[in-house]
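User: Hi! Could you walk me through this one? I'd like to start with a helix and then look at the strands.

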2 protein chains.
Amino acid sequence: MSESASAADKIKAVETYIASFADSNPQGIISIFADDATVEDPVGTPILTGRDSLRTFFSKAVKMGTRLKLLGPIRCADDYAAFPFAVELNLDGSDKRIEVIDLFKFNEQGKVIQMQAFWGPENMQDI
Amino acid sequence: MSESASAADKIKAVETYIASFADSNPQGIISIFADDATVEDPVGTPILTGRDSLRTFFSKAVKMGTRLKLLGPIRCADDYAAFPFAVELNLDGSDKRIEVIDLFKFNEQGKVIQMQAFWGPENMQDI
């Protein structure tokens, strides 16, 4: 088993990710990803690949006022970090909260090479 | 994208899984898995394959008094269910609590074909 990064490094990346949403800072969000990273959000929908696609995706999320709130500890195992959180955002004029579990896979440079977001319609509510 | 089972079916499987620990019922635990299912707990350790290996693994867990407590909603997406929970068990005479995220992948028959448990030493504490 190859360890890509320490648990502390992975936790720091997740914290940077969440703080960058709070700061409306797409560049901060993008900074944790590898150049050829993939994003599947939610799992089962088309996969975005590469920095330009991710920048478009996350810039749009920031414009929607997206905020993330961690709902429990970050779980690190092997090359992965998994964590439960709530997303709050404005969707077509309506405030929504979605409870999500993200799974980040890290490469040997400590960058996120794969992001998968697990959530379904059952996890979305009006707030 | 092929949907293996409805979200309701997946949620029911997870609930059966948790209830079977509470009932000290290894057979109930095994019942949610496909014959050729794999279990990786925690991720990064050797993968168990098949019903006999799973029966040994879960029987041992039941003997340790393992209890699972859901810590948030089950997130269903595509062929997957992900959920945050705490495991409480007796490890070598000491009571422990581990905060885990499990990821179940379902086959077309609605059985769990792959289980991955995400947790690390940072997620374990004495109770």
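User: How many residues does helix 3 of chain A have, and how far does it reach?

Analyst: In this predicted model, helix 3 (residues 51-63) of chain A has 13 residues and reaches 18 Å from first C-alpha to last. That is close to the 18 Å expected at 1.5 Å a residue, where the expected span is 1.5 Å times one less than the number of residues. Helices here are DSSP runs of H or I with at least four residues, strands are runs of E with at least two, and both are numbered from the N terminus.

User: Which residues of helix 3 of chain A are buried?

Analyst: They are A:Leu54, A:Phe58, A:Ala61 and A:Val62. Buried means under 20% relative accessible area, exposed over 50%, partly exposed in between (1.4 Å probe, protein chains only). Seen down the axis of helix 3 of chain A, the buried residues fall within an arc of 95°, so they line one face; the arc is taken from the directions from the helix axis to the C-beta atoms.

User: And what is on the other side of helix 3 of chain A?

Analyst: There you find A:Asp52, A:Thr56, A:Lys60 and A:Lys63, which are exposed. After helix 3 of chain A comes A:Gly65, with a positive phi near 75°.

User: Switching to strands: is strand 5 of chain A largely enclosed or open?

Analyst: Strand 5 (residues 80-91) of chain A is largely enclosed by the rest of the structure, because 9 of its 12 residues are buried.

User: Which strands does strand 5 of chain A pair with?

Analyst: Its antiparallel partners include strand 3 (residues 67-70) of chain A, over 4 bridges, strand 4 (residues 75-77) of chain A, over 3 bridges, and strand 6 (residues 94-106) of chain A, over 12 bridges. Two strands count as paired if DSSP finds at least two bridges between them. A:Ala82 in strand 5 of chain A stands opposite A:Arg75 and also opposite A:Leu103 in strand 6 of chain A.

User: What about the turn between strands 5 and 6 of chain A?

Analyst: The two strands form a hairpin with 2 residues between them, and A:Asp92 in the turn has a positive phi of about 55°.

User: How are chains A and B related?

Analyst: A rotation of 180° with 0.0 Å of shift along its axis superposes chain A on chain B, with an RMSD of 0.0 Å (least squares on C-alpha atoms of residues with pLDDT of at least 70 in both). The two copies are thus related as by a two-fold rotation axis. In chain A, the C-alpha of A:Pro84 comes closest to that axis, at 3.4 Å.

User: And the confidence?

Analyst: Chain A averages a pLDDT of 95, and 97% of the residues score at least 70; pLDDT is the predictor's confidence in each residue, from 0 to 100. Residues are numbered from 1 along each chain as its sequence is written, and chains are lettered from A and ligands numbered from 1 in the order written. Local features need pLDDT of at least 70, side-chain atom pairs count only at pLDDT 80 or more, totals for chains, interfaces and linings use all residues, and side-chain values use heavy atoms, leaving out hydrogens and water.
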